[in-house]
Amino acid sequence: MEHSFWHSKWQKNEIGFHETEGNALLVKYASFLLDDESANSALKRIFVPLCGKTRDIGWLLSQGCEVVGAELSEVAIIQLFEELGAEPNVTTTAKGKAYTKDGLTVFVGDIFKLTSSDLGNVSGVYDRAALVALPSPLREQYAAHLIAITQCAPQLIISFEYDQNEMAGPPFSVNEKTVDLLYSGDYHIKRLERSMLKGGLKGKVDADNLVFALTAK
Ligand SMILES: C[S@@+](CC[C@H](N)C(=O)[O-])C[C@H]1O[C@@H](n2cnc3c(N)ncnc32)[C@H](O)[C@@H]1O
């Protein structure tokens, strides 16, 4: 998608993807990212790509993690910090802005410009509605970039599967085969759940939630 598509969504507050209660599947499966045995570092530093203003960031912080986000829209990030009740420090570099407060850093700008040294070490990646936000060619670029900048950190992915003929994305349908094609070269992939999305997608299309745990090979 063009950047203008997302900027316009945030300007018009057309953010149907935003969950006011946070994501129950994160709470259910967070141990994959937070337990010592499965994550690759004692310090839990979770990267949330294409983070929007997700409430899941507040939840991860409440679990004692550090969180790093990447998001195109500054509107989203201003709202994120307001809703967290946190006054951010904002720094501007040639690459864009970074909003920080205590254990939270959010890079505002195009994720594809973010390098592994910008990001620092991360112990895990939480991808909810990020992979599915991107059309197919960009999804391949995103997956390769994510592997590179996180040095193959474990990933918890929450995606949707539905009949793509019934609705144009985003969100796009990302099924097990697609996750396999994108990530099986570098990761062991385990499907943790397939469950029906209550009420369907946008109230229009039957869809399943899929949850995957990815561990580096
Ligand atoms: C479907 S929303 C999901 C937001 C969040 N993960 C959630 O669960 O609420 C996708 C987000 O990705 C952001 N985005 C899209 N392309 C991006 C890019 N190239 N770099 C950084 N953020 C991007 C959009 O602005 C939007 O907020």
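This section describes the overall fold of a predicted model and then several of its residues.

The chain contains eight helices and nine strands. Its radius of gyration is 16 Å, close to the 17 Å that the globule rule gives for 217 residues, so the chain is as compact as a globular protein of that length. Along the principal axes, the C-alpha atoms fill a box of roughly 45 × 45 × 30 Å. Of the 217 residues, 49% count as buried. The accessible surface amounts to about 10,500 Å², and carbon and sulfur atoms account for 49% of that area. Among contacts between residues at least 6 apart in sequence, 68% join residues at least 24 apart.

R128 is located in strand 6, which spans residues 124-128. This arginine has a relative accessible area of 17% and is therefore classed as buried, the cut-off being under 20%. A polar atom of the R128 side chain lies 2.8 Å from the backbone oxygen of F17. When residues up to four places away in sequence are not counted, R128 touches F17, E19, N23, I158 and F160. Of these partners, I158 and F160 fall within the range of strand 7 (155-161).

V75 belongs to helix 5, formed by residues 74-84. With a relative accessibility of 25%, V75 counts as partly exposed. Leaving aside neighbours within four places in sequence, V75 is in contact with W10 and Q11. V75 and H3 are 72 residues apart in sequence, and their C-alpha atoms are 13 Å apart in space.

Backbone geometry was examined next. Most residues other than glycine have a negative phi, and most peptide bonds are trans. A129 is not a glycine, yet its phi is positive, at about 60°. This alanine is found in the loop between strand 6 and helix 7 (136-150). Q151 likewise has a positive phi, near 50°, in a residue other than glycine. Q151 is placed in the loop between helix 7 and strand 7, and its relative accessibility of 52% means that it counts as exposed.

Two cis peptide bonds were also identified. The bond from G169 to P170 is cis, with omega near -5°, and a cis bond with omega of about 0° joins P170 and P171. P170 lies in the loop between strand 7 (155-161) and helix 8 (176-183), and P171 is likewise in the loop between strand 7 and helix 8.

Notes: Residues numbered from 1 in each chain as written. Predicted model: local features only at pLDDT ≥ 70, side-chain atom pairs only at ≥ 80, totals over all residues. Heavy atoms only, no water. Helix = DSSP H or I, 4+ residues; strand = E, 2+ residues; numbered from the N terminus. Buried < 20%, exposed > 50% of the residue type's maximum accessible area, 1.4 Å probe, protein only. Contact = heavy atoms within 4.5 Å. Rg over C-alpha atoms; globule rule 2.2 N^0.38 Å. Areas by Shrake-Rupley, 256 points an atom, 1.4 Å probe, with all protein chains shown as cover. Polar contact = N/O pair within 3.5 Å; in protein donor to acceptor, adjacent residues only side chain to side chain.
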